[in-house]
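Me: I would like to go through this entry by question and answer. Please start with the terms and conventions.

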Amino acid sequence: MAEKKSEEIGSETDVELTANAITPRQITSLVVDGKPFPVQKEALLKLIEELKQRIRASRRGKDLEPLLQDAEHALAALAAQDDEVSRRR
């Protein structure tokens with residue numbers, strides 16, 4: 001994820017910069033990277049919170065909602081997969 005200064009949140013270019021920094025491919029890579037579930041979950045939760053902040057802060061924030069939905073669906077799928085693995089143990 002590209003680091004941005006907090007004062008940029010809500011700026012005119014913030015949505016575009018965020019959409020360039022956070023992509024569906026990046027979200028997918030967080031899910032399939034092979035790290036333990038708690039690490040993946042934490043990374044997705046941070047990403048989701050960042051997207052939510054930017055959606056609230058910008059007039060164009062709604063443009064980021066598809067990315068937020070992708071991240072939330074990825075987290076749900078990851079949690080379901082972890083639950084399935086836990087049940088098999």
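Reply: Two residues are in contact when they have heavy atoms within 4.5 Å of each other. This is a predicted model, in which local features need pLDDT of at least 70, side-chain atom pairs count only at pLDDT 80 or more, and totals for chains, interfaces and linings use all residues. Residues are numbered from 1 along each chain as its sequence is written, and side-chain values use heavy atoms, with hydrogens and water left out.

Me: Leaving aside its neighbours within four places in sequence, which residues is A57 in contact with?
Reply: A57 has its place in helix α3. The C-alpha atoms of A57 and G10 are separated by 4.4 Å, although the two are 47 residues apart along the chain. With neighbours within four places in sequence set aside, the contacts of A57 are I9 and G10.

Me: Is A57 buried, partly exposed or exposed?
Reply: Buried means under 20% relative accessible area, exposed means over 50%, and partly exposed lies in between (1.4 Å probe, protein chains only). A57 has a relative accessible area of 37%, so A57 is partly exposed.

Me: What pattern does the protein follow along the sequence?
Reply: Helices (H or I, at least four residues) and strands (E, at least two) are DSSP runs, numbered from the N terminus. The protein has four helices and zero strands. Read along the sequence, the pattern is α-α-α-α.

Me: What share of the contacts between residues at least 6 apart in sequence joins residues at least 24 apart?
Reply: The protein has 89 residues, of which 30% count as buried. For contacts between residues at least 6 apart in sequence, the share joining residues at least 24 apart is 60%.

Me: Is V15 buried or exposed?
Reply: V15 lies in helix α1. Apart from residues up to four places away in sequence, V15 touches S58, R60, G61, D63 and L64. One of these, R60, is 45 residues from V15 in sequence, but the C-alpha atoms of the two are 6.5 Å apart. The relative accessible area of V15 is 2%, so V15 is buried.

Me: What length does helix α4 reach from its first C-alpha to its last?
Reply: Helix α4 covers residues 65–88, which makes 24 residues. The expected span of a helix is 1.5 Å times one less than its number of residues. For α4 the expected value is 34 Å, and close to it is the length reached, 35 Å.

Me: Which helices are included in what covers the buried residues of α4?
Reply: The buried residues of α4 are L67, L68, A71, A74, L75 and L78. What covers them includes α1 (14–21), α2 (24–32) and α3 (37–57).

Me: Is Q69 buried, partly exposed or exposed?
Reply: Q69 lies in helix α4. From Q69 to I48 is 21 residues in sequence and 8.8 Å in space, C-alpha to C-alpha. The relative accessible area of Q69 is 43%, so Q69 is partly exposed.

Me: Are α2 and α3 roughly parallel or roughly antiparallel?
Reply: Axes are lines fitted to C-alpha atoms, for helices over the stretch in contact, and angles run from 0 to 180 degrees between N-to-C directions. Angles under 35 degrees count as roughly parallel, over 145 as roughly antiparallel, 65 to 115 as roughly perpendicular and the rest as oblique. The axes of α2 and α3 come within 9 Å and cross at roughly 160°. The two helices are therefore roughly antiparallel.

Me: Which residues of α3 do I27, L30, V31 and V32 in α2 meet?
Reply: A crossing is left-handed if the near helix is turned anticlockwise from the far one by less than a right angle, and right-handed if clockwise. The crossing of α2 and α3 is left-handed. The α3 residues that I27, L30, V31 and V32 meet are Q40, A43, L44 and L47.

Me: How do the residues of the contact of α2 with α3 divide into nonpolar, polar and charged?
Reply: Ala, Val, Leu, Ile, Met, Phe, Trp, Tyr, Cys and Pro count as nonpolar, Asp, Glu, Lys and Arg as charged, and the others, Gly among them, as polar. By that rule the contact of α2 with α3 divides into seven nonpolar, one polar and no charged.

Me: At roughly what angle do the axes of α3 and α4 cross?
Reply: The crossing of α3 and α4 is left-handed. The axes come within 10 Å, and the angle at which they cross is roughly 160°.
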